[in-house]
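Student: I have a structure open and would like to learn to read it. Where do we begin?

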Amino acid sequence: MRKAASMLVLLCLATGMAACNDLNREASSSEDQSKENVEIETVAAQQETESEDSEINFDQGVFIDWEQEHDPLLNEEIQEVLKEALEANVRSDQAAFRSLFLDPEVADRHRGQFGGNVRYTEIGHVSKDTTKNHILVGVLGEIMRDTNNIEKYGITYYFAEDEGGKWGLVAVD
């Protein structure tokens, strides 16, 4: 009988300990879940803040110091057409951009080079293509992608004269 009573006591103790262990697991699961939720909320808040900062800190526009450009190939007329093209791109004004091409239908082939959150900061290079009698003007800056990543950016505008001596765009690359 003593043996049966001892077994009964041991069985009760084991059952009690198992029940306490389950309660501890539930409590720690709640704590872990709560900690995990706080971490997720913190990361989400940081990402939102970084995203807002990227949008706030990126000013699109044309910030080229035109007074510093003295290359004789970049004459006043080319410079004016280039300024208009860059401004039209920043404003996403396709009609104005298209009007700057000597052949407006050619502009339609360059739609992929148009638009975006761009900041133009400097003239990278000016050169002459003697085989086609084009003036090439490389413009540098930054672009903000849809992911809010800001990357270095460069684009080349190709200029030519029409029969009347008027300069206009012939390509963008």
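Tutor: Begin with contacts. Contact means heavy atoms within 4.5 Å. Apply that to Phe-159, leaving out residues up to four places away in sequence. Phe-159 then touches Ile-78, Val-81, Leu-82, Asn-133, His-134, Ile-135, Val-137, Trp-167, Gly-168, Leu-169 and Val-170.

Student: What sort of model is this, and how are its residues numbered?

Tutor: This is a predicted model, with residues numbered from 1 along each chain as its sequence is written. Local features need pLDDT of at least 70, side-chain atom pairs count only at pLDDT 80 or more, totals for chains, interfaces and linings use all residues, and side-chain values use heavy atoms, with hydrogens and water left out.

Student: How many helices and strands does the protein have?

Tutor: First the rule. Helices (H or I, at least four residues) and strands (E, at least two) are DSSP runs, numbered from the N terminus. Here there are four helices and five strands. From the N terminus on, they run α-β-α-α-α-β-β-β-β.

Student: In which order do the strands lie in the sheet?

Tutor: Pairing comes first: two strands pair if DSSP finds at least two bridges between them. In this protein, five strands form an open sheet in the order β1-β2-β3-β4-β5, with mixed pairing. β1 and β5 are the edge strands; each has a single partner, so one side of each lacks a neighbour in the sheet.

Student: Which way do β1 and β2 pair, parallel or antiparallel?

Tutor: Parallel, over two bridges; β1 covers residues 61-62. Gly-61 has Arg-119 of β2 as its bridge partner. Val-62 has Tyr-120, also in β2. β2 and β3 run antiparallel and are joined by 11 bridges.

Student: What share of the residues counts as buried?

Tutor: Buried means under 20% relative accessible area, exposed over 50%, and partly exposed in between (1.4 Å probe, protein chains only). Of the 173 residues, 29% count as buried.

Student: How many residues are in the largest nonpolar core?

Tutor: The general idea: in soluble globular proteins, nonpolar side chains tend to be buried together. A nonpolar core is a set of buried Ala, Val, Leu, Ile, Met, Phe, Trp, Tyr and Cys residues joined through side-chain atoms within 4.5 Å. The largest one here has 31 residues. Those with the most contacts inside it are Leu-82, Leu-86, Tyr-120, Val-137, Val-139, Tyr-157 and Phe-159. At least two residues each come from α2, α4 (104-108), β2, β3, β4 (150-161) and β5 (167-172). α2 gives the largest share, seven residues.

Student: Where is Val-170, and what does this residue touch?

Tutor: Val-170 lies in strand β5. Val-170 is partly exposed, at 22% relative accessible area. Beyond four places in sequence, its contacts include Phe-101, Leu-102, Val-106 and His-110. Val-170 and His-110 are 60 residues apart in sequence, yet 9.9 Å apart from C-alpha to C-alpha.

Student: How many salt bridges are there?

Tutor: A salt bridge is a side-chain nitrogen of Lys or Arg within 4 Å of a carboxyl oxygen of Asp or Glu. The structure holds five. One of them joins Lys-83 and Glu-80, at 3.4 Å from N to O.

Student: Why can Lys-83 and Glu-80 pair up like that?

Tutor: Both sit in helix α2 (residues 76-91), three residues apart, so about one helical turn separates them. Lys-83 is partly exposed at 24%, and Glu-80 is partly exposed at 41%.

Student: What about Glu-142 and Arg-119?

Tutor: Their closest N and O atoms are 3.0 Å apart, in a salt bridge. This pair links distant parts of the chain, 23 residues apart: Glu-142 in β3 (residues 134-144) and Arg-119 in β2 (residues 117-129). Glu-142 is partly exposed at 21%, whereas Arg-119 is buried at 16%.
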